[in-house]
Amino acid sequence: MKYLRSVRGRMLGIAFIPGGALVAVAVVIAILLIHQAVRTRDMAVETAAAADRTARAVVALQAERSAAMAAPDQRSAAYATYTQRIESAIAGLRDYARHAPDAESAYQQTTAVELLSVAEGMDRSDSLALAGLDNVTRGSFTSAVASYRAELARVVPQLTESGRMAYETLTRSAEWSRLAAAENAFTAAEPLPLPEPTWRSASYAVSAQLGLLYTQQSQYAVQLTLDDGRRTLAGALAAGTALLLFAVLLMVVVRRLVARVPVPVVPIMVPTVRAAIPRPRHARSRRSGLPDPWPLKAVFDDLRRR
């Protein structure tokens with residue numbers, strides 16, 4: 001019985017090797033996928049924080065630029081300095097977008113950065129117009145207006161359905177038309193075709209709508225990255241659980257199969273003790289140095305019979 005148990009134990013040990021390897025593979029795969037999911041989530045959170053910091057920094061720098069350009073003697077220097085700082089901040093956010101965990105997230109985040117650049121271009125032209133245009137700054141104003149309009153038209157096809165609807169609503173609004181009329185008049189060095197308060201109100205409304213477009217697109221890109229991380233985590237847990245269950249099931253099946261396999265038992269032959277066959281006296285071994293008593297006894301018996 002001990003021999004039988006030993007053989008079956010060895011068979012079970014050999015059969016459990018694939019199951020143990022499968023469990024190890026499941027654990028490794030689950031760990032790798034969970035690590036990737038956590039990394040994706042952390043990257044999404046980091047990108048969202050960077051986008052928020054950049055947007056706040058851009059708004060603050062735009063306000064500082066408008067205030068600094070109020071002084072005529074510092075207008076050009078202030079415009080160049082603050083514009084360069086804003087462009088550097090946007091370029092840093094663009095680098096974050098390029099390191100997104102997947103191509104779709106990078107695409108959507110890059111689109112959000114382009115919208116932020118559009119909003120900055122509109123504010124740049126507005127700050128020039130508000131400070132007053134001359135022969136030097138009118139060229140910069142015209143270039144800024146043409147740039148942000150062309151960039152906005154280029155980015156629109158990349159937006160989500162809700163983003164395109166918001167863009168169409170913006171371009172069909174009265175504020176957009178009033179702002180466009182004011183910008184065309186400034187470009188042509190003509191008087192404003194509408195009162196200044198109306199122009200300022202239209203400028204604020206368009207700037208707010210462009211900022212809202214950026215915010216919606218940025219949130220969508222971040223949410224897309226978070227959803228990808230959740231899917232990766234769910235897939236990791238599901239794959240690891242499935243592999244572990246399969247390994248446990250394999251071990252149970254192997255154990256039952258091994259228990260039913262007849263194991264041949266080789267009997268151990270133990271020699272039995274048999275009675276010794278008496279040998280004739282003359283065949284017994286002699287001890288060295290002692291005479292054999294058999295011939296003397298024969299002589300005495302013969303003398304008695306006589």
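**Figure 1. The second largest cavity of this predicted model has a volume of about 40 Å³.** Let's start with the residues around this space. Its lining is made up of Met 122, Ser 125, Asp 126, Ala 129, Phe 141, Leu 179, Glu 183, Phe 186 and Trp 199. Two elements, α3 and α6 (174–187), each give two or more residues to this lining.

**Figure 2. Helix α3 provides the largest share of the lining of the second largest cavity.** That share is four residues. Sorted by class, the lining of the second largest cavity holds six nonpolar residues, one polar residue and two charged ones. Among the lining residues to look for in this view are Asp 126, Glu 183 and Ser 125.

**Figure 3. The largest cavity has a volume of about 80 Å³.** Now for the other close-up. Thr 47, Ala 51, Leu 93, Tyr 96, Ala 97 and Gln 109 belong to the lining of the largest cavity, as do Ala 112, Val 113, Tyr 214, Ser 218, Ala 221 and Val 222. The elements giving two or more residues to this lining are α1 (2–68), α2 (75–98), α3 (103–131) and α7 (196–260).

**Figure 4. Helix α7 gives the most to the lining of the largest cavity.** Its contribution is four residues. The lining of the largest cavity has nine nonpolar and three polar residues, with no charged residues.

**Figure 5. An overview of the cavities in the model.** With a cut-off of 30 Å³ or more, the count comes to two cavities.

Terms used: Residues numbered from 1 in each chain as written. Predicted model: local features only at pLDDT ≥ 70, side-chain atom pairs only at ≥ 80, totals over all residues. Heavy atoms only, no water. 1 Å grid on protein atoms, 1.4 Å probe; cavity = no way out; pocket = protein on both sides within 12 Å on 5 of 7 lines; lining within 4 Å. Points joined across faces, edges and corners; volume = space filled by probe spheres on them. Nonpolar A, V, L, I, M, F, W, Y, C, P; charged D, E, K, R; others polar.
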